[in-house]
Every structure is written in structure tokens, then in C-alpha cells.
Amino acid sequence: MLDFKSSAGMSIGVELELQLLDPVTFDLVDGILPLKNLCRENPHIIPEYEQTTVEIRSRICGNIREMEQDIHSHAVTTRRKCHDLGLVISGGGTHPFCSRFAKVTPTPRFLALER
């Protein structure tokens with residue numbers, strides 16, 4: 001169970017879950033482990049349940065403008081690191097043509113969920 005952390009005043013934050021894609025075929029790529037390796041220093045770029053997905057989290061912000069600037073900064077970093085790995089990112093729900101099951105990201109929490 002995750003602990004809820006309250007804040008002293010009004011705050012806002014956002015999470016983006018983005019697909020990791022091959023830039024030629026646009027098929028899903030199990031790319032979160034190499035991406036996370038490149039982003040070790042950034043706690044706002046994190047794995048999601050499937051290895052084909054990256055989550056970008058803003059910090060806790062005081063207003064929408066601050067939050068927008070913060071999430072944009074992390075998204076630009078993520079896009080640049082993906083480019084270094086030969087990947088592109090896409091915001092979307094269900095991938096339109098992937099025909100295989102994605103691998104579960106091997107963290108203790110996600111492996112326990114899988115079991």
C-alpha cells in the first residue's frame with residue numbers, strides 16, 4: 001500500500017504515461033530499462049507496469065503554470081533520451097496494432113502485481 005502525502009496548501013501535479021515506439025515501424029518497444037538507466041538522476045522519469053511505457057511525473061507545484069513548465073521540462077528530457085536510444089514517445093491509450101503481450105517491468109511492486 002502506498003502512503004498518502006498531504007501538502008500544506010493547495011497543490012497540483014500531473015503524470016503522463018507515454019508509449020515507447022520504434023521510430024520506423026511505430027511498434028511498441030520494451031525500452032524502459034535502458035531509458036531508466038539513462039535517466040537514473042531524474043526521479044520524475046520512471047518505469048510503468050509494462051516495459052513499453054514510461055511515466056513522467058511533475059513535482060508538486062503551486063499552480064498550473066509552474067506545473068506546465070515542470071512537466072514540459074521532464075518531457076523534453078525524456079524525448080531527448082529516447083532519441084539517444086533510437087526510440088520515440090507517443091501519448092495514446094491502447095496501441096493500435098501491437099500483437100504481443102508487453103513484458104512486465106521487473107520491479108518488486110510490478111512483479112507482485114503480476115503474480
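**Reading the model step by step**

Tutor: Let us begin with confidence, since this is a predicted model: the protein averages a pLDDT of 91, and 98% of the residues score at least 70. Where pLDDT is low, the predicted coordinates should not be read in detail.

Student: Which elements of the protein have the lowest and the highest mean pLDDT?

Tutor: Among the elements, helix H3 (residues 108–114) has the lowest mean, 89, whereas H2 has the highest, 97.

Student: How many helices and strands are there in the protein, and what pattern does the protein follow along the sequence?

Tutor: The protein contains three helices and four strands, and, read along the sequence, they follow the pattern β-α-β-β-α-β-α. As for the overall extent, the C-alpha atoms fill a box of roughly 45 × 35 × 25 Å, taken along the principal axes.

Student: What can be said about the surface and the charges of the protein?

Tutor: The protein exposes about 7900 Å², of which carbon and sulfur atoms supply 56%, and 30% of its 115 residues count as buried. The 13 positive and 15 negative charges have mean positions that lie 5 Å apart.

Student: Which residues have the most contacts inside the largest nonpolar core?

Tutor: The largest nonpolar core has 14 residues, and those with the most contacts inside it are Leu20, Ile32, Leu35, Val54, Ile56 and Cys82. Strand S1 (15–21), helix H1 (32–38), S3 and helix H2 (64–84) each supply at least two residues of this core, with H2 giving the most, four residues.

Student: Why does Ile56 count as buried, and which residues are in contact with Ile56?

Tutor: Burial is judged by relative accessible area, with under 20% as the cut-off. Ile56, which lies in strand S3, is buried because its relative accessible area is 0%. Beyond its neighbours within four places in sequence, Ile56 is in contact with Val14, Glu15, Leu16, Leu18, His44, Ile71, His74, Ala75 and Thr78. One of these contacts, Ala75, is 19 residues from Ile56 along the chain, while their C-alpha atoms are separated by 6.9 Å.

Student: Is Ile46 buried or exposed, and what does Ile46 touch?

Tutor: Ile46 has its place in strand S2 and, at 14% relative accessibility, counts as buried. Apart from residues up to four places away in sequence, Ile46 touches Ile32, Val54, Glu55 and Arg57. Its C-alpha atom is separated by 10 Å from that of Glu15, although Ile46 and Glu15 are 31 residues apart along the chain.

Student: Where does Gln51 lie, and is Gln51 buried or exposed?

Tutor: Gln51 lies in the loop between strand S2 (45–47) and strand S3 (53–57), and this loop residue is buried, because its relative accessible area is 9%. With residues up to four places away in sequence not counted, Gln51 touches Leu20, Val29, Asp30, Gly31, Ile32, Leu33, Lys103, Val104, Thr105 and Pro106.

Methods. Residues are numbered from 1 along each chain as its sequence is written. This is a predicted model: local features need pLDDT of at least 70, side-chain atom pairs count only at pLDDT 80 or more; totals for chains, interfaces and linings use all residues. Side-chain values use heavy atoms; hydrogens and water are left out. Buried means under 20% relative accessible area, exposed over 50%, partly exposed in between (1.4 Å probe, protein chains only). Accessible areas come from the Shrake-Rupley method with a 1.4 Å probe; for residues, only the protein chains shown count as cover. Lys and Arg count as positive and Asp and Glu as negative; His and the chain ends are not counted. The place of a charge is taken as NZ of Lys, CZ of Arg, CG of Asp or CD of Glu. Contact means heavy atoms within 4.5 Å. A nonpolar core is a set of buried Ala, Val, Leu, Ile, Met, Phe, Trp, Tyr and Cys residues joined through side-chain atoms within 4.5 Å. pLDDT is the predictor's confidence in each residue, from 0 to 100.
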